[in-house]
Amino acid sequence: MAPHNDVEAFHEVLRSSRRILALCGAGLSASSGLPTFRGAGGFWRNYDATQLATVRAFKMDPGMVWLFYAYRRHLALKAEPNKGHKALAALARRNPDFLCLTQNVDNLSQRAQHPPSQLKCLHGSLFDIKCSNESCDWMQKGNFDDPFCAALAPASVDMPNGEPLPLLDPYHRVKHITEDELPKCPQCSSGLQRPGVVWFGEDLDAHMMMDISAWLRAQPVDLMFVIGTSAGVYPAAGYIDKARKLGARIVIINLEAEDEAEMFKVKPGDFAFGKDAAEILPVLLEPIIGKPNEEGEFEKP
Ligand SMILES: [Zn+2]
């Protein structure tokens, strides 16, 4: 059997694969310059980022949680989709049987022209806004206002010469933002508007989950990419087991994929590439999507 990182052997498998699933995480957007806010260094000011991404945090200090998300919106708007996003989008355009699940909320896959029907954003989007009142179903898709509102302007500052943003310095005092300074829901007029992302402890969108289950049930899966994610969080991790049961070979792409401690995840017949997704995806997908043109774009079929 070819080694787990044999590109030619992978190309053979890819050519004979029709139904393809991908699960993407923060590593896909890393080379676009977006921090992961998870694991080591996952701090924002002096907050553990995972503690800010909760309903509880929003109830206690919505202004601070909004500053965190306003900052992430600003970063994502300034970032550009990389060749990894573009290669996956090109694969989707050429293969209608390719479904991409992403944990990323940065909108970069959409901006790389990934067909919306073939992209499931498991954790929502930084650019969808919803109502924090659980009994209210108001939602606004595609809000790219930057700053989101006047009170959140400190999160949208661009410093000269790459100097650090004062907001990111935990010793730099930020003015407390009151609820009155944040926009309210136009439908119920009582709930605060909040980011349309899935916070820790919240359920993923039920309709989206049913769509994904239906896709998985329909026919066997030939190949599954696991890109830039340790896939440690449910339900992401479960999709790998499901795809495997449906016959899929797994290809793991992330910087640590070939580390000794990670190799137990690679079963016989699977592939693992310990490379940056933006670098290796165009190489791996070349038999289907071709080479990028001079502008770095994969031409549309
Ligand atoms: Zn509302």
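**Close-up views of a predicted model**

**Figure 1. The annotated active site, His123.** UniProt places the feature "active site" at His123, in an unreviewed entry. UniProt positions are given in the numbering used here, feature names are shortened, and annotations may be inferred rather than shown by experiment. This is a predicted model: local features need pLDDT of at least 70, side-chain atom pairs count only at pLDDT 80 or more, and totals for chains, interfaces and linings use all residues. Residues are numbered from 1 along each chain as its sequence is written. His123 sits in the loop between strand E5 (119-121) and E6. Helices (H or I, at least four residues) and strands (E, at least two) are DSSP runs, numbered from the N terminus. Is His123 buried or exposed? His123 counts as buried because 20 C-beta neighbours lie inside 10 Å. A residue is buried if 20 or more other C-beta atoms lie within 10 Å of its own, exposed if 12 or fewer, and partly exposed in between; C-beta atoms are placed from the backbone. Apart from neighbours within four places in sequence, His123 is in contact with Gln103, Val105, Val197 and Val198. Two residues are in contact if their C-beta atoms, placed from the backbone, lie within 7 Å.

**Figure 2. The four cysteines of the annotated binding site.** The UniProt annotation "binding site", from an unreviewed entry, covers Cys131, Cys136, Cys185 and Cys188. Cys131 belongs to strand E6 (residues 124-131), whereas Cys185 lies in the loop between strand E7 (139-140) and strand E8 (193-197). Cys131 counts as buried, with 23 C-beta neighbours inside 10 Å. Cys185 is buried too, with 20 other C-beta atoms within 10 Å. Leaving aside neighbours within four places in sequence, the contacts of Cys131 include Cys136, Cys185 and Cys188. Among the other residues in contact with Cys131 are Trp138, Gly191 and Gln193. Cys185 touches Cys131, Asn133, Cys136, Trp138, Gly191 and Gln193, not counting residues up to four places away in sequence.

**Figure 3. The open sheet that contains E6.** In what order do the 3 strands of this open sheet stand? The order is E7-E6-E8, and the pairing is antiparallel. Two strands pair if DSSP finds at least two bridges between them. E7 and E8 are the edge strands, each pairing on one side only. E6 and E7 are joined in the antiparallel sense over 2 bridges, and Lys130 stands opposite Met139 in E7. The antiparallel pairing of E6 with E8 runs over 4 bridges. Val197 in E8 is the bridge partner of Gly124.

**Figure 4. The covered strand E1.** Strand E1 (residues 20-24) is mostly covered, with 5 of its 5 residues buried. In a regular strand the side chains alternate between the two faces of the sheet. In E1, Ile20, Ala22 and Cys24 point one way and Leu21 and Leu23 the other way, and all are buried. E1 runs parallel to strand E4 (residues 98-102), joined by 5 bridges. Here Leu23 has Leu101 in E4 as its bridge partner. E1 also pairs in the parallel sense with strand E9 (residues 223-227), over 5 bridges. In that pairing, Cys24 stands opposite Ile227 in E9.

Figure 5. The domain assignment gives domain 1 (1-33 + 81-123 + 204-301) and domain 2 (35-78 + 124-197). These bounds come from an automatic or database domain assignment. The centres of domain 1 and domain 2, taken over C-alpha atoms, are separated by 29 Å. How many residues of domain 1 are in contact with domain 2? There are 7, and they are in contact with 8 residues of domain 2. By class, the side of domain 1 that touches domain 2 has 4 nonpolar, 2 polar and 1 charged residues. Ala, Val, Leu, Ile, Met, Phe, Trp, Tyr, Cys and Pro count as nonpolar, Asp, Glu, Lys and Arg as charged, and the others, Gly among them, as polar.

**Figure 6. The setting of the close-ups.** The secondary structure of the protein comes to 10 helices and 11 strands. Buried residues make up 35% of its 301 residues. The C-alpha atoms fill a box of roughly 60 × 45 × 40 Å, taken along the principal axes.
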